[in-house]
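Thank you all for coming.

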Amino acid sequence: MISASSMSVLLVDDQTSIRSILRNTLSQIGFVQIAGARNGLEALEHLKSNPVHLIISDFNMPDMDGLELLKAVRSNVRTAKTGFIMLTGQASKDLVQQAIAEGVNNFLAKPFTASSLKSRIEAVFGPISSV
């Protein structure tokens, strides 16, 4: 079992409120190492010097969207194995299929609960303890 407090997470969403909700929800689960980025470009910049275990990213963002970020993460040998969960609101079937083809680990529908977020993370990493 992996401890949530030992894992680092990068939240990527252009909406401050969504990043805040995710941060608070992850904190409730036991995560403490949580960083944020407003778009894919900021996320890639962060990842250059701060590798993470998990990226939770929105699809639709300015400058670099979630699908472009996923492609960049998977094409870099340093980040290729990073867990990646895509946030979905009204994502088209085509976008979802593209994300699957690019190696997304899981999806999280908005709105979400702490339970649904934890279950999506556990589907990627196995059981997570909040101790």
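Let me begin with a question: which residue in strand 4 does L11 stand opposite? L11 stands opposite I56 in strand 4.

Before I go further, a word on where this comes from. This is a predicted model, in which local features need pLDDT of at least 70 and side-chain atom pairs count only at pLDDT 80 or more, while totals for chains, interfaces and linings use all residues. Residues are numbered from 1 along each chain as its sequence is written, and side-chain values use heavy atoms, with hydrogens and water left out. When I say helix or strand, I am speaking of DSSP runs numbered from the N terminus, with helices being H or I of at least four residues and strands being E of at least two.

Let me stay with strand 2. Four bridges join strand 2 to strand 4, and these two run parallel; strand 2, residues 8-12, is also joined by five bridges to strand 3, residues 33-37, again in parallel. Two strands are taken to pair if DSSP finds at least two bridges between them.

How many of the five residues of strand 2 are buried? Five of the five are buried, where buried means under 20% relative accessible area, exposed means over 50%, and partly exposed lies in between, using a 1.4 Å probe and protein chains only. In a regular strand the side chains alternate between the two faces of the sheet. Here both faces of strand 2 are covered, with S8, L10 and V12 buried on one side and V9 and L11 buried on the other.

Now to helix 1. The 14 residues of helix 1 should span 20 Å at 1.5 Å a residue, and this agrees with its end C-alpha atoms, which are 20 Å apart; the expected span is 1.5 Å times one less than the number of residues. The buried residues of helix 1 are I18, R19, L22, T25, L26 and I29. They cover an arc of only 130° around the axis, so they sit on the same side of helix 1, the arc being that of the directions from the helix axis to the C-beta atoms. On the other side of helix 1, T16 and Q28 are exposed. The buried residues pack against strands 2, 3 and 4, strand 5 (83-88), strand 6 (106-109) and helix 5 (114-125). To take one of them, T25 counts as buried because its relative accessibility is 9%, and, leaving aside neighbours within four places in sequence, T25 is in contact (heavy atoms within 4.5 Å) with F112, T113, A114 and L117. Just after helix 1, G30 takes a positive phi of about 125°.

For D58, UniProt, in an unreviewed entry, places the feature "modified residue: 4-aspartylphosphate"; UniProt positions are in the numbering used here, feature names are shortened, and annotations may be inferred rather than shown by experiment. D58 lies in strand 4, residues 54-58. Is D58 buried or exposed? D58 is buried, with a relative accessible area of 7%. Not counting residues up to four places away in sequence, D58 touches V12, D13, D14, G66, M86, L87 and K110.

K110 brings me to a feature of the backbone: a cis peptide bond joins K110 and P111, with omega of about -5°, and P111 is placed in the loop between strand 6 and helix 5. In another loop, between strand 4 and helix 3 (66-75), we find D63, whose phi is near 70°, a positive value in a residue other than glycine. D63 counts as exposed, at 62% relative accessibility.

Finally, F107 lies in strand 6. F107 and M86 are 21 residues apart in sequence and 4.8 Å apart in space, C-alpha to C-alpha.
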